[in-house]
Amino acid sequence: MNTSSRRSFLKTSVAGAIFSSSGILAATVSAQTKKWDETFDVIVVGSGFAGLASAIEAKKAGANVIVLEKMPTAGGNSIINGGILTATGCPQQKKHNIEDSKELLEKDILVAGNYMNDVKKVHQMVDRVLSTYEWTVNELGVEYLPDAIGQEGGHSVPRYVTTKIGSGAGIVNKQLDKCLELGIPIRLRTYVDKIIRTANGVEGVEVFEGYRFPKAGSGRHKSLKANKGVILCYGGFSADVPYRTIQDPKLNATLDTTNQPGATSELWRETSSIG
């Protein structure tokens, strides 16, 4: 990421992609004056692929960043997944003479999503698949199998690469190394309870530090201020049976999940409740 885009990240991506003070969010703000225990530029919630990537780029852009993770270890579902990454245009594809394009990838995604996707977001994601792959290699030093290229369901051609160790740890551990190098704190066992908003918009979060999963309310209550933005990368909710059955009643307690135990719905509920 170049200097210009790093500035843009802080000015637009953090503020715009997370929360703004417009619309329904502004309609439910609290006028309460907060006493803050700690202040940061950017607070990232979640320590998987997305959260750690956001923290790294925010730090490189000059922000004072912290990553919050409610579980006792970092990585979430990302660290235990299969370690594959869609990488249209990557060297592995070229090595096997596989013809592919951004346009074909975008079409595959829209078809698989039954055209219910947000087209602008799909286009943005597709436009960055190769640069994301290159970022993991050049910025982080992630090692992928040099000769292997795989094909997942819904993809019309082989286009995913696999980490050499065969799991997402091959990426997450490199991200954690980069965070350590840059001096980004990863605060474990920190449960985000509330998103704090005032008339100025989103200003921070309320947390329980020293949280012991899954004991609600455990730990010390603190208020953390974010001067530039709160980035929500808190993952899925497949380990939360009541919440997932709201989405699809067939996903009841008779079904297990491949997600880690902390894939629960607390912040899904919180963000839904504030629109």
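View 1. Tyr243 is buried, with a relative accessible area of 10% (buried means under 20%, exposed over 50%, partly exposed in between, with a 1.4 Å probe and protein chains only). Phe237 counts as buried too, at 18% relative accessibility. This is a predicted model, where local features need pLDDT of at least 70 and side-chain atom pairs count only at pLDDT 80 or more, while totals for chains, interfaces and linings use all residues. Residues are numbered from 1 along each chain as its sequence is written, and side-chain values use heavy atoms, leaving out hydrogens and water. The rings of Phe237 and Tyr243 pair edge-to-face, 4.9 Å centre to centre with 90° between the planes (rings of Phe, Tyr and Trp, the last by its six-membered ring, pair if their centres lie within 6.5 Å; planes under 30 degrees apart are stacked, over 60 edge-to-face and the rest tilted).

**View 2. Phe237 meets Trp268.** This pair is also edge-to-face, at 5.0 Å centre to centre and 80° between the planes. Phe237 sits in the loop between β8 (220–232) and α9 (241–247) and Trp268 in helix α10 (residues 266–273), so the pair ties together parts that are 31 residues apart in sequence (helices, H or I, have at least four residues and strands, E, at least two, as DSSP runs numbered from the N terminus). Trp268 is partly exposed, at 29% relative accessible area. Ring pairs link Tyr234, Phe237, Tyr243 and Trp268 into a cluster.

**View 3. Helices α5 and α6.** Helix α5 (residues 102–112) and helix α6 (residues 119–127) pack with their axes 10 Å apart, at an angle of about 140° (axes are lines fitted to C-alpha atoms over the stretch in contact, and angles run from 0 to 180 degrees between N-to-C directions).
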